[in-house]
Amino acid sequence: MISPRSRSLLCLSIFLAVWAWNVSAATVKGETAHNGVGNLTAGDIEEQLQQCPLVQALNEHKVATNPTTSSVTSQIFAFLFPGSPAVNALLATLYISGPPNFLLALCPPNIDPSSLSVMVAFAVGGLLGDTLFHLLPEIFLGEDEHDKVKFVMVEPNKNLLLGVAIMVGFITFVAMDKGLRIATGGEGGHDHSHGHSHEKEAAATTSGAEVNDSKDTLRARKAAANGGTPPAIPLPEQDKEISASVKLGGYLNLIADFTHNITDGLALSSSFYASPTIGATTTVAVFFHEIPHEVGDFALLIQSGFSKKAAMGAQFVTAIGAFLGTCIGIAVQELGGSSSGAAEVTGPGLAGTSLQWGDMLLPFTAGTFLYVGTVAVIPELLETGPEKGKELKKTLTQFAAIFTGAGIMLAISWS
């Protein structure tokens, strides 16, 4: 017969054993659940959220209140870009490289780049509008879908990496511009104000020739007054030849133009892999930018001693850089993956985040657009002359062009 003391010890032992088993089971269950949540990707979480009854009700409400309509703009974009992201990126590169270069055939050889200020202002509005209205929201928030609501999960380290990519794109163009300025002896970088550094040189040459002409005219008049025949005055040889620094600037500009076109190709490929809408709007913005860009480069090559035919040929050669950049961007997207892509992404992301290498191209593009739309162009728009009334009218026209370019970008994607 069991004594009361032994019975109490047995009950206590059974209680402790059951308690220890429950604690260990709860711990194992918690660890399993924790590990399961930790292994979920952003796509898995989004898929499970869509199974929630409240989310499904929100989806039905969104579809009912926002019926899908095919606007004229969307129909045009669907016609121009009917294929996969890779095919559409190549088509977009063809669109932004071909027509601007063919337009050079209509440009006079003596065109002044400074006369393109209104067109440049329009391009600035388009670039900044695409960056601020399309690229940056897409980078940090993703693309909206017409048939369901989407949720954004905040990853601090992910946002930091995206910011780093934007800064890398910006600094890349700073380094390229600085290198070109050093190579040309500080005469200016690869921007739209190509003609400014050469206008002073041309003015100095012209005024020097005028002084020589006035002196020679006086001598000729004296000779004629004395009954002699005025001698033929040859043009000084140094005025006929283009200086070596100007020629060097023309060739270095071709290199910078080629590099710049590579970044345009990267921009187009990354934007089409992000979404068709972002790809289409980026194509429009780059196209707006390419027209004054190509005309300005064409004028600089003419000033550097190129014939019109040779300058057009050189611009077509630099267009190869855009196709090269597009192919590089497609390769990065296909091989590096994307957290928002349709393909299943396996393995950890960059630095423990959900980002893949393909996700870094779009913020890099945004950084380059910010540089081109601000640092590379704004100084030209800030230049003024002595005539206040004329400059005020010119400034108002430039601001109107900026708002027009930005307004087009806003109207394209307004719901």
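This is a predicted model: local features need pLDDT of at least 70, side-chain atom pairs count only at pLDDT 80 or more; totals for chains, interfaces and linings use all residues.
Reader: How many nonpolar residues does the contact of helix 12 with helix 13 have?
Author: From helix 12, Phe316, Val317 and Thr318 meet Ile320, Gly321 and Ala322 of helix 13, contact meaning heavy atoms within 4.5 Å. Ala, Val, Leu, Ile, Met, Phe, Trp, Tyr, Cys and Pro count as nonpolar, Asp, Glu, Lys and Arg as charged, and the others, Gly among them, as polar. By class the contact has no charged and 2 polar residues, and its nonpolar residues number 4.

Reader: Which hand does the crossing have where helix 11 passes helix 12?
Author: Helix 11 (residues 276-303) packs on helix 12 (residues 308-318) at an angle of about 135°, their axes being 9 Å apart, and that makes helix 11 oblique to helix 12. A crossing is left-handed if the near helix is turned anticlockwise from the far one by less than a right angle, and right-handed if clockwise. The crossing of helix 11 with helix 12 is right-handed.

Reader: How many charged residues are there in the contact of helix 11 with helix 12?
Author: Helix 11 brings Glu294, Asp297, Phe298, Leu301 and Ile302 to this contact, where they meet Lys308, Ala311, Met312, Ala314 and Gln315 of helix 12. These residues divide into 6 nonpolar and 1 polar, while the charged ones number 3.

Reader: How many polar residues does the contact of helix 6 with helix 7 include?
Author: The axes of helix 6 (residues 117-141) and helix 7 (residues 156-183) come within 10 Å and cross at roughly 150°, and the two helices are therefore roughly antiparallel to each other. Leu136, Ile139 and Phe140 of helix 6 meet Asn159, Leu162 and Ile166 of helix 7. That contact has 5 nonpolar and no charged residues, and its polar residues number 1.

Reader: Is Ser269 buried or exposed?
Author: Ser269 lies in helix 10 (residues 244-274), and, not counting residues up to four places away in sequence, touches Ala89, Gly325, Thr326, Gly329 and Ile330. Buried means under 20% relative accessible area, exposed over 50% and partly exposed in between, with a 1.4 Å probe and protein chains only. At 0% relative accessibility, Ser269 counts as buried.

Reader: How far apart in space are Leu370 and Leu128, C-alpha to C-alpha?
Author: Leu370 is found in helix 14 (residues 361-373) and is partly exposed, with a relative accessible area of 23%. Leaving aside neighbours within four places in sequence, Leu370 is in contact with Leu128, Thr131, Ile166, Phe170 and Val375. Although Leu370 and Leu128 are 242 residues apart in sequence, their C-alpha atoms are separated in space by 6.8 Å.

Reader: Which term describes the pair of rings of Phe399 and Phe403?
Author: A search of the whole structure finds 8 aromatic pairs, where rings of Phe, Tyr and Trp (its six-membered ring) pair if their centres lie within 6.5 Å, and planes under 30 degrees apart count as stacked, over 60 as edge-to-face and the rest as tilted. Phe399 and Phe403 both lie in helix 16 (residues 388-413), 4 residues apart, about one turn of the helix. At 45% relative accessibility Phe399 counts as partly exposed, while Phe403 is exposed at 61%. The ring centres of Phe399 and Phe403 are 6.5 Å apart and the planes are at 35°, so the pair is tilted.

Technical notes: Residues are numbered from 1 along each chain as its sequence is written. Side-chain values use heavy atoms; hydrogens and water are left out. Axes are lines fitted to C-alpha atoms, for helices over the stretch in contact, and angles run from 0 to 180 degrees between N-to-C directions. Angles under 35 degrees count as roughly parallel, over 145 as roughly antiparallel, 65 to 115 as roughly perpendicular and the rest as oblique.
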